[in-house]
Amino acid sequence: MNLGMETIPLNWHEQIINLLAERIVVVDREGIILYINEAYCEFLGTTVKEAINRPVQDVIENTRMHIVVKTGQKELAAVHPINGSEMVANRFPLVVDGEIVGALGTVMFRSPEEWRMYKTKIQNLAEELKYYKTKVEKELKSKYHFHDLIGNSTTFLAAKKLAERISASNSSVLLIGESGTGKELFAHAIHNNSIRATLPFVAINCASIPEHLLESELFGYDDGAFTDAKKGGKKGQFEVANNGTLFLDEIGDMPLSMQSKLLRVLQEKEVQRVGGQKSIAVDVRIIAATHRDLEKMVEQGKFRQDLYYRLNVIKIEIPPLRKRKTDIPLISMSLLKKLGDKFYRKGIELTTEVQQRLMEHLWPGNIRELENVLERAINVLDGKTIEVSHLPLYLRDQVLESNSINEIKPMENVPSENNPIQISSLKDTLAQVEKEAILNALVVTNGNKQEAAKLLEISKTSFYEKCKLYSIR
Ligand SMILES: Nc1ncnc2c1ncn2[C@@H]1O[C@H](COP(=O)(O)OP(=O)(O)OP(=O)(O)O)[C@@H](O)[C@H]1O
Ligand SMILES: [Mg+2]
């Protein structure tokens with residue numbers, strides 16, 4: 001029977017194939033490339049001549065073509081990272097006369113609709129992956145106790161004492177503090193100091209978990225709740241944390257719709273899995289944390305008042321580093337020790353001048369920022385002493401800045417002949433402050449601009465504009 005292909009001239013075939021699939025590769029049953037088109041090679045940064053007759057794994061990163069020829073299983077819409085972009089790959093075994101002779105692979109986006117479809121699929125997958133990855137990393141991290149919470153200042157000790165005192169209670173705790181002040185440490189310490197210490201401590205980051213996952217993550221799901229739901233359903237974190245503690249980090253970032261559902265669970269002390277009928281009783285102690293101003297969010301209608309009251313039974317405010325400057329030397333020492341262990345660099349010290357600069361800085365990113373600064377210093381250090389030159393630029397320049405700030409404070413610094421008040425225009429002063437805030441945010445986020453923009457609570461666009469304005473790379 002004539003199937004049509006025979007009547008198509010042979011020299012048309014390649015063009016037809018290339019029009020059907022943008023990027024295509026054919027391997028034999030050993031996984032050796034028999035055919036690969038130019039578009040694919042271009043995308044891979046190679047040439048047809050170089051790629052042909054080579055093992056496919058050597059040419060295409062993360063490929064599974066050599067596996068498909070073994071398994072004989074086709075793989076459709078598989079996410080395939082190449083060159084840092086997430087592509088969608090289809091892989092088919094080629095079967096001739098009932099035998100696998102090789103495999104055909106395509107990587108492509110043929111139409112905008114298809115691309116959109118793939119994109120949502122990938123985006124969800126990528127988000128889920130990222131979420132689980134950080135969760136696994138978190139769970140592997142050591143647990144903290146109160147003795148890990150360093151600081152002797154009165155403000156800090158007050159918070160720490162309160163936290164210690166209420167550890168045993170079953171009431172909800174709300175930890176309020178700027179980014180990097182140690183909210184997570186407090187949550188761990190409270191749990192480890194409670195009668196629930198040997199029972200689960202489950203942490204959920206409400207900001208990083210994709211919205212479409214949050215409900216099933218918290219409450220679990222039953223068989224058949226989704227098309228690809230696991231057989232037998234899945235426990236939610238409330239169930240996992242049963243009899244223990246559930247740490248709801250970044251609670252201020254929880255969408256309103258979820259807030260209502262959370263409130264219901266807290267009131268009724270039972271959860272219903274997504275797609276499930278029966279209620280499951282749970283006994284969970286809640287510790288919530290946020291860097292946001294929840295009261296303001298309640299006023300603005302962005303956070304449910306009833307939920308706020310329910311969480312705010314015991315409120316612990318963790319002071320920012322700038323309000324407990326006397327703790328800076330002690331914390332630096334403990335961080336240096338921790339970092340020293342990590343990098344196998346023992347006995348690292350700070351010069352007096354560095355200590356002074358650390359004391360003067362305002363630390364918008366708090367202890368995490370301090371940790372980043374010290375880690376950076378250790379990385380650029382040859383000997384054992386951290387000097388000013390090992391600090392990031394914004395801390396090196398600081399003396400000038402902090403002097404000029406001091407000079408503006410009339411109470412502390414009476415102007416004299418050798419200490420005149422220096423006034424620059426308001427515009428320049430504001431620009432200077434803005435620039436410093438951006439630089440600080442970048443240090444805190446290790447150079448991640450998107451995160452930095454979030455910290456500063458400005459849009460990404462305006463962040464990039466400001467970076468350009470102040471020549472910040
Ligand atoms: N009192 C402390 N003593 C020593 N190290 C601390 C202290 N508080 C926080 N740290 C360290 O600072 C870093 C940030 O702490 P943590 O993650 O608990 O902050 P956070 O308030 O949860 O911040 P974010 O809001 O950014 O999540 C951690 O590496 C932690 O080990
Ligand atoms: Mg945190």
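Which helix gives the most residues to the lining of the second largest pocket? Read on; point 3 has the reply.

1. **What you're looking at.** This is a predicted model, where local features need pLDDT of at least 70 and side-chain atom pairs count only at pLDDT 80 or more, while totals for chains, interfaces and linings use all residues. Residues are numbered from 1 along each chain as its sequence is written, chains are lettered from A and ligands numbered from 1 in the order in which they are written, and side-chain values use heavy atoms, with hydrogens and water left out.

2. **The overall picture.** The protein chain has 21 helices and 16 strands; these are DSSP runs numbered from the N terminus (helices are H or I with at least four residues, strands are E with at least two). Of its 473 residues, 42% count as buried, and buried means under 20% relative accessible area, exposed over 50%, and partly exposed in between (1.4 Å probe, protein chains only). A contact means heavy atoms within 4.5 Å. Among the contacts with a separation of 6 or more, 64% link residues 24 or more positions apart.

3. **The second largest pocket.** Now for that opening question: H19 gives the most to this lining, with six residues. The pocket holds about 610 Å³ of space, and 21 residues line it, with Leu393, Tyr394, Leu439, Val443 and Arg473 nearest its centre. Two or more lining residues come from each of helix H16 (366-380), helix H17 (393-396) and helix H19 (426-444). By class, the lining has eight nonpolar, five polar and eight charged residues. Here Ala, Val, Leu, Ile, Met, Phe, Trp, Tyr, Cys and Pro count as nonpolar, Asp, Glu, Lys and Arg as charged, and the others, Gly among them, as polar.

4. **How the spaces are found.** On a 1 Å grid over the protein atoms alone, a cavity is a set of points where a 1.4 Å probe fits but cannot get out, while a pocket is an open set with protein on both sides within 12 Å along at least five of seven lines; lining residues have an atom within 4 Å of a point. Points are joined across faces, edges and corners, and a volume is the space filled by probe spheres set on them.

5. **The cavity.** By this rule there is one cavity of 30 Å³ or more, and the largest cavity has about 50 Å³ of space. Its lining includes Tyr40, His80 and Arg91. Strand E4 (85-96) and strand E5 (99-107) are the elements giving two or more residues to it. The lining splits into six nonpolar, five polar and one charged.

6. **Helix H14.** This helix (residues 328-343) has 16 residues and reaches 21 Å from its first C-alpha to its last, close to the 22 Å expected at 1.5 Å a residue; the expected span is 1.5 Å times one less than the number of residues. Its buried residues include Ile328, Leu335 and Leu339. The buried residues of H14 pack against strand E15 (349-350), helix H15 (352-360), H16 and strand E16 (385-386).

7. Most residues other than glycine have a negative phi. Tyr344, which follows H14, has a positive phi of about 55 degrees and is exposed at 75% relative accessibility. Asn243 has a positive phi of about 75 degrees; Asn243 lies in the loop between helix H10 (237-240) and strand E10 (245-249) and is partly exposed at 37%.
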